[in-house]
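Subject: Structure handover and what turned up in it

Hi,

Here is the structure I promised to pass on. Have a look at it below, and then read on for what I found.

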Amino acid sequence: DESLRPSGERQGETLADTAGLGRLTPELRAEVDQVVAQGQAAARISGKVAPDRLVSALVRCADFEGQRYCLGSGWTEDTQAQVQARMTTAARAIAARPAPVESTGDLDVLATLRREAVLSPAERTAEERTELTMAARSVAKVWLIRHDIEGVPLPEGFLDRHPEARATGSDGSAAARASAASSASPTRSPTRTPTTTPAATSTPGHTAGIKTQADYPRRAVVLDRKQVAEQRTTYWCGPTTMQMIAWGWKGVARGQAFWANRLGTTSSGTAISEMVRVVNSSTGWDRRNRAGPYIVLDISNYGFNKWIKLIMRHIHDYRAPIVFHPVLLKRFYPYLDDDASGHFQAGRGYSKRGAGPTAVSYFEPWNQQRFDPSEPYISRVQWRNAYKSYRANEAHFQHNIGV
């Protein structure tokens with residue numbers, strides 16, 4: 001009848017809470033090829049050159065349907081120049097630092113760049129193509145997050161281009177919210193029940209419009225509090241976080257050395273891009289009736305309210321854990337005896353506390369007492385002030401998270 005309707009929605013169609021992997025269209029493939037070709041032009045580069053040269057040669061971004069993805073950093077609203085400037089500043093600071101801070105296992109920017117630099121051109125090209133292809137196929141999920149968290153309208157014809165974002169797909173999942181044109185509320189039908197029990201019953205779907213924080217229940221939790229471990233090596237926060245996330249899905253505790261091998265962890269640590277890759281390849285948390293393919297998302301433009309809504313959405317609607325990526329600083333984590341490096345934690349819950357501050361729960365792999373008996377013990381299961389966790393996330397130079 002020619003009346004106006006929300007962009008991307010059609011009568012009788014519903015959007016899913018998340019999206020599965022999409023098709024690599026010719027347009028997406030062309031953008032992957034272009035960014036890879038830019039790297040091939042740089043050829044071989046020494047890891048010993050100045051941070052500025054490393055960043056300019058290795059940090060490049062792709063535009064996938066209006067969403068920007070930067071190699072090693074993830075999906076961002078910043079320009080390529082802004083991302084490069086941020087990474088250059090961080091790399092210079094590390095290079096000039098007289099003594100390293102206590103490292104728990106997050107791969108810092110300079111180590112990341114140097115690791116990429118020593119690869120042969122063929123090896124680097126293959127890695128970049130794999131990373132960019134996975135990103136291109138995940139763009140529908142990024143659009144849904146921007147739509148729900150930031151209120152960005154979906155582009156015209158979104159569901160036509162991305163059937164993987166429809167409420168009911170070929171896999172039979174129906175983790176949907178009704179569109180403004182339909183009041184239907186389909187129920188989730190998970191293909192498997194993992195070894196986690198949400199603290200609150202999951203809503204079968206969104207009602208018309210976009211959820212607010214008030215629409216979420218008081219409390220929700222995933223991951224069994226008994227399936228925890230502390231990191232056995234100072235630089236294994238990544239493998240230990242991965243161990244706990246996979247344990248929560250499979251009910252089997254594989255050793256940290258196993259996950260360190262899967263993640264490509266070195267004594268310099270683990271990259272967040274590898275954390276997301278292994279969650280997708282080694283668990284079922286990336287299924288459409290859970291979180292869909294995990295992505296690395298830059299939250300530098302998020303205020304606290306958007307950040308905590310993203311946490312609530314992931315824990316309650318996706319019923320899946322989060323890869324937290326903070327900096328371990330005493331001002332954010334009072335249980336620390338010393339400031340430490342970038343870090344990984346397994347995000348697994350939230351709790352609204354009435355007049356009190358909202359709390360988030362996570363599994364903390366770092367126990368400083370294991371490596372220095374004079375320091376206080378740190379418990380694995382943490383419930384802490386959500387705002388401080390947000391600030392710790394923002395304090396990391398990458399400002400990103402695995403969701």
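Lys 211 is buried, with a relative accessible area of 8%; buried here means under 20% relative accessible area, exposed means over 50%, and partly exposed is in between (1.4 Å probe, protein chains only). Its partner in a salt bridge is Asp 317, with the closest N and O atoms 2.9 Å apart; a salt bridge is a side-chain nitrogen of Lys or Arg within 4 Å of a carboxyl oxygen of Asp or Glu. Asp 317 is buried too, at a relative accessible area of 2%. The pair links distant parts of the chain, 106 residues apart: Asp 317 is in helix H11 (residues 304-318), and Lys 211 is in the loop between strand E5 (176-177) and strand E6 (219-221). Helices (H or I, at least four residues) and strands (E, at least two) are DSSP runs, numbered from the N terminus.

Before I go on, two notes on how to read this. This is a predicted model, in which local features need pLDDT of at least 70 and side-chain atom pairs count only at pLDDT 80 or more, while totals for chains, interfaces and linings use all residues. Residues are numbered from 1 along each chain as its sequence is written, and side-chain values use heavy atoms, with hydrogens and water left out.

More on the salt bridges: a search of the whole structure finds 14 of them. Glu 230 and Arg 380 meet in one, at 3.4 Å from N to O. Glu 230 lies in the loop between E6 and H8, and Arg 380 in the loop between helix H12 (368-371) and strand E11 (381-385), so this pair ties together parts that are 150 residues apart in sequence. Both Glu 230 and Arg 380 are buried.

Asp 33 and Arg 129 form another salt bridge, with 2.7 Å between the closest N and O atoms. Asp 33 sits in helix H1 (residues 26-42) and Arg 129 in helix H5, so parts 96 residues apart in sequence are tied together. Here Asp 33 is partly exposed, at 34% relative accessible area, and Arg 129 is partly exposed as well, at 33%.

Now the overall picture. The chain has 13 helices and twelve strands, and buried residues make up 58% of its 403 residues. Of the contacts with a separation of 6 or more, 70% are between residues 24 or more positions apart, where contact means heavy atoms within 4.5 Å.

The largest nonpolar core holds 84 residues, of which Phe 64, Leu 297 and Ile 401 touch the most other members. Such a core is a set of buried Ala, Val, Leu, Ile, Met, Phe, Trp, Tyr and Cys residues joined through side-chain atoms within 4.5 Å. Not counting residues up to four places away in sequence, Ile 401 touches a list of residues including Ile 272, Leu 297, Trp 307 and Phe 324. A second, separate core has 19 residues, among them Leu 58, Val 59, Val 83 and Ile 94.

Helix H10 (residues 272-282) is mostly covered, with eight of its eleven residues buried. Among those buried are Ile 272, Met 275, Val 279 and Ser 282. The cover over the buried residues of H10 includes helix H5 (121-137), helix H8 (237-250), helix H9 (256-263), strand E7 (296-298), strand E8 (322-324) and strand E12 (400-402).

What about Ala 340, buried or exposed? Ala 340 is buried, at 5% relative accessible area, and is placed in the loop between E8 and strand E9 (345-351). Ala 340 and Thr 104 are 236 residues apart in sequence but 6.9 Å apart in space, C-alpha to C-alpha.

Two backbone spots may interest you as well. Most residues other than glycine have a negative phi. Glu 65, not a glycine, has a positive phi of about 55 degrees; Glu 65 is in the loop between strand E2 (61-64) and strand E3 (67-70) and is partly exposed, at 27%. His 399, also not a glycine, has a positive phi of about 50 degrees. His 399 lies in the loop between helix H13 (386-395) and E12 and counts as buried at 15% relative accessibility.

Best wishes
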